[in-house]
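Let me put the structure up and walk you through a couple of spots I've been looking at.

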Amino acid sequence: MKAEQISDVCTFHGEGPYWDPRRGELLFVDMMEGDVLVRHEDGGLDRHSVHPRLAGVLRGRASGGYVIGVERGFVFADDSLSVIEQGPEAFGNTAVRMNDGGCDTAGRFLCGSMGWEGGFGAGSLYSLDADHTVSTLLTGLTVSNGLHFSPAGDTAFLSDTPTGRIDALGYDVDAGRFTDRRTFAVVEPALGMPDGMAIDAEGGIWTALYGGGAVARYDASGRLSEHIPLPVTNVTACAFGGEDLSTLFITTTQENIPEGSEPQAGALFAVETGVAGAPLPMYRG
């Protein structure tokens with residue numbers, strides 16, 4: 001497998017890729033700009049400002065439009081990403097920001113946080129229910145990343161990036177609560193640190209390797225089964241998309257890269273994986 005560059009440099013800190021099956025297009029964020037980008041079938045990109053400081057992750061909303069994790073909570077956007085409605089705040093601590101997340105099979109939107117300066121244990125994982133109430137599911141995280149659910153919905157996969165682990169958490173879908181936590185896979189330090197992730201139809205977890213210049217796949221047993229290098233050091237996230245969900249789209253960042261040293265940092269990449277991604281639940285609020 002070989003990753004191909006499919007855009008010019010279009011973000012400073014690209015993150016949060018999401019394939020919207022309703023429009024058949026990829027959306028992703030330029031996180032610190034507070035922008036959502038839409039990649040059209042012809043490769044063209046549109047940019048939409050959704051927050052003055054940060055846009056971390058978005059998912060489709062069953063009622064139309066999108067839910068977006070922003071600096072300290074949530075906003076809702078229409079299909080055109082031009083009408084933004086303020087949603088609930090999850091926390092008031094200005095030293096902390098949202099980072100990454102996803103939806104459970106009941107349609108809740110779970111979003112994790114981290115300290116602006118990356119302070120140890122400063123982050124938490126929050127759940128936005130369909131009625132727009134917010135609850136805290138986990139605390140003591142440092143850099144909450146990933147979050148995907150097994151097709152049955154009873155297992156969540158989450159990375160706390162500095163630990164070098166991808167964890168599997170038992171999940172009570174009806175209650176919207178975690179029941180246990182175990183190590184699913186350990187990313188060897190030489191490979192980088194686990195960042196944003198995607199899940200395929202075979203239960204494999206694909207993770208971006210920040211600092212490692214690659215994307216890796218761990219099969220359903222947690223064994224490293226694929227390692228795909230990229231020409232940039234800091235790979236941030238990945239998502240399945242395309243007509244058959246077998247294209248893995250990959251975001252990258254210029255963050256922590258000496259200016260001009262990696263001319264492709266901040267571009268979008270893609271790889272044909274030969275395996276289909278698992279369809280993602282939408283937010284039902």
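Predicted model: local features only at pLDDT ≥ 70, side-chain atom pairs only at ≥ 80, totals over all residues.

I'll start with Val235. Leaving aside residues up to four places away in sequence, Val235 touches Asp195, Ala208, Leu209, Tyr210, Gly213, Ala214, Val215, Leu230, Ile250, Thr251 and Thr252.

Val235 also turns up in the largest nonpolar core, which has 18 residues. The members that touch the most other members there are Trp206, Val215, Leu230, Val235, Leu248 and Ile250. Which elements give two or more residues to this core? Those are strands E19 (205-210), E22 (235-241), E23 (247-252) and E24 (269-272). E22 gives the most, with three residues.

As background, nonpolar side chains tend to be buried together in soluble globular proteins.

Buried or exposed, what's your guess for Asp167? Its relative accessible area is 3%, and the cut-off for buried is under 20%, so Asp167 counts as buried.

What does its side chain pair with? There's a polar contact of 2.9 Å between the side chains of Asp167 and Arg165. The Asp167 side chain makes another polar contact with the side chain of Arg181, also listed at 2.9 Å. Again leaving out residues up to four places away in sequence, Asp167 touches Ala156, Phe157, Leu158, Arg181, Arg182, Thr183 and Phe184.

Note on methods:
Residues numbered from 1 in each chain as written. Heavy atoms only, no water. Core = buried A, V, L, I, M, F, W, Y, C linked by side-chain atoms within 4.5 Å. Buried < 20%, exposed > 50% of the residue type's maximum accessible area, 1.4 Å probe, protein only. Helix = DSSP H or I, 4+ residues; strand = E, 2+ residues; numbered from the N terminus. Contact = heavy atoms within 4.5 Å. Polar contact = N/O pair within 3.5 Å; in protein donor to acceptor, adjacent residues only side chain to side chain.
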